[in-house]
Amino acid sequence: MSDKILSSIFEFLKDYKDPENNNSFNRKNSNIQVVEKNGNVNVILSVTKQHLDKYEKLTSIFKEGLSKLDGVLSVNVALTSENQTSTSEKNESRFQIDATDIIAIASGKGGVGKSTFAVNLAVAMSQLGKKVGILDADIYGPSVPRMMGISGRPEASQNKKLIPLESYGIKCMSIGFLVSVDTPTIWRGPMVMKALEQMFNGVEWGQLDYLIIDLPPGTGDAQLTLAQSSKLSGSIIVSTPQDVALNDARKGINMFKRVDVPVIGLVENMSYFICDNCDEKHYIFSHEGAKKEAEKFQIPFLGSLPIDKELRIQSDEGRPACIDKPEGDIAKKYLEIAKSIF
Ligand SMILES: Nc1ncnc2c1ncn2[C@@H]1O[C@H](COP(=O)(O)OP(=O)(O)OP(=O)(O)O)[C@@H](O)[C@H]1O
Ligand SMILES: [Mg+2]
């Protein structure tokens with residue numbers, strides 16, 4: 001398959017939105033598949049019955065538009081409703097948010113820096129002009145209130161939905177706004193799912209460009225259900241470079257693959273330490289472990305972030321690095337990663 005032709009095909013397709021979920025038809029959208037061989041293009045669209053007329057209109061637009069591209073000899077667009085009866089499709093409609101892209105930040109292992117990454121990625125995206133929300137899906141250990149420097153109780157809107165709290169221009173929702181952070185959340189599975197569902201459907205998110213979901217660590221039921229139920233555009237896996245973390249990251253990658261959620265990429269956190277005295281990079285855990293892992297899995301490597309004392313303090317004090325020191329090297333790294341995702 002020619003990468004050049006495929007890129008120009010998606011360049012054309014990305015300007016059109018899926019009538020079902022309003023997501024753009026880009027490479028991350030699992031409702032569209034494009035196969036190109038020797039200039040012959042096959043486009044397969046997963047469709048739903050209620051929007052059939054819109055899909056039929058798109059079929060002729062795609063046929064006409066794609067036929068004009070350089071190197072394209074023939075175009076076939078097929079509509080399939082295969083997914084509709086599957087359980088994953090049933091789950092998909094459970095959680096609904098009007099966001100162009102929903103991205104989950106995940107890791108296999110706990111404490112590798114997911115929440116720090118989620119918060120700074122959201123801020124970086126917002127600084128790049130996007131409308132962003134963060135959903136803290138860590139019911140047992142919510143970190144977003146502290147890291148975004150907000151507390152308080154969300155108020156209810158006229159139609160009895162919760163109004164997210166805003167910090168640094170980002171809409172935030174977390175169980176931490178509803179229960180005291182010092183109270184252990186002793187909830188069983190169904191209650192956790194109910195709470196998560198409330199954070200999607202019971203919140204006035206409004207229209208967003210990106211919703212960032214900060215997932216709890218691991219690959220358990222909550223992560224799996226969220227991955228299946230929330231129409232994720234993709235996931236980003238955060239890992240530290242050492243083997244124990246990468247083993248768990250691998251489980252995360254496989255979980256998303258199993259439920260057909262594209263892995264946007266792998267980020268290596270706490271990659272190295274720059275010593276105050278010698279200004280040299282010290283690779284404490286191992287060198288480029290996550291980068292090699294990304295290559296092995298053929299997923300993009302999005303970048304590496306150092307261990308940085310200031311970053312830890314900024315997180316604890318509710319001033320994300322991208323806000324506190326927007327000119328700093330770390331903020332620039334988050335901006336670069338955000339840009340690579342658009
Ligand atoms: N690059 C970094 N340099 C220094 N400290 C960091 C870095 N990334 C994260 N931390 C700190 O490490 C701790 C854990 O980070 P964080 O809460 O983001 O991890 P997590 O993966 O979300 O954890 P959990 O699995 O518990 O949700 C925090 O105190 C955070 O400030
Ligand atoms: Mg966390």
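This is a predicted model: local features need pLDDT of at least 70, side-chain atom pairs count only at pLDDT 80 or more; totals for chains, interfaces and linings use all residues.
Residues are numbered from 1 along each chain as its sequence is written, and chains are lettered from A and ligands numbered from 1 in the order in which they are written.

Visitor: How many residues surround ligand 1?
Guide: A residue is near a molecule if its C-beta atom, placed from the backbone, lies within 6 Å of it. The closest to ligand 1 are G110, G113, S115, T116 and S315. The count of residues around ligand 1 is 21.

Visitor: Which helix gives the most to the shell around ligand 1?
Guide: Helices (H or I, at least four residues) and strands (E, at least two) are DSSP runs, numbered from the N terminus. At least two residues of the shell come from each of α4 (114-127) and α10 (309-316). With four residues, the helix that gives the most is α10.

Visitor: How many polar residues does the shell around ligand 1 have?
Guide: Ala, Val, Leu, Ile, Met, Phe, Trp, Tyr, Cys and Pro count as nonpolar, Asp, Glu, Lys and Arg as charged, and the others, Gly among them, as polar. The shell has six nonpolar and five charged residues. Its polar residues number 10.

Visitor: At what angle do α8 and α9 pack?
Guide: Axes are lines fitted to C-alpha atoms, for helices over the stretch in contact, and angles run from 0 to 180 degrees between N-to-C directions. The axes of α8 (residues 243-258) and α9 (residues 289-297) are 11 Å apart. The contact (C-beta atoms, placed from the backbone, within 7 Å) is made by L246, A249 and I253 of α8 and G289, A290, E293 and F297 of α9. The packing angle is about 35 degrees.

Visitor: Is V144 buried or exposed?
Guide: A residue is buried if 20 or more other C-beta atoms, placed from the backbone, lie within 10 Å of its own, exposed if 12 or fewer, and partly exposed in between. V144 lies in helix α5 (residues 144-147). Leaving aside neighbours within four places in sequence, V144 contacts residues including S115, V119 and D214. Because V144 has 28 C-beta neighbours inside 10 Å, it counts as buried.

Visitor: Where does K160 lie?
Guide: K160 has a positive phi of about 60 degrees although it is not a glycine. K160 has 8 C-beta neighbours inside 10 Å, so it counts as exposed. Its place is the loop between α5 and β6 (165-167).

Visitor: Is Q298 buried or exposed?
Guide: Q298 sits in the loop between α9 and β13 (301-304). Its phi is near 55 degrees, a positive value in a residue other than glycine. Because Q298 has 7 other C-beta atoms within 10 Å, it is exposed.

Methods
Two residues are in contact if their C-beta atoms, placed from the backbone, lie within 7 Å.
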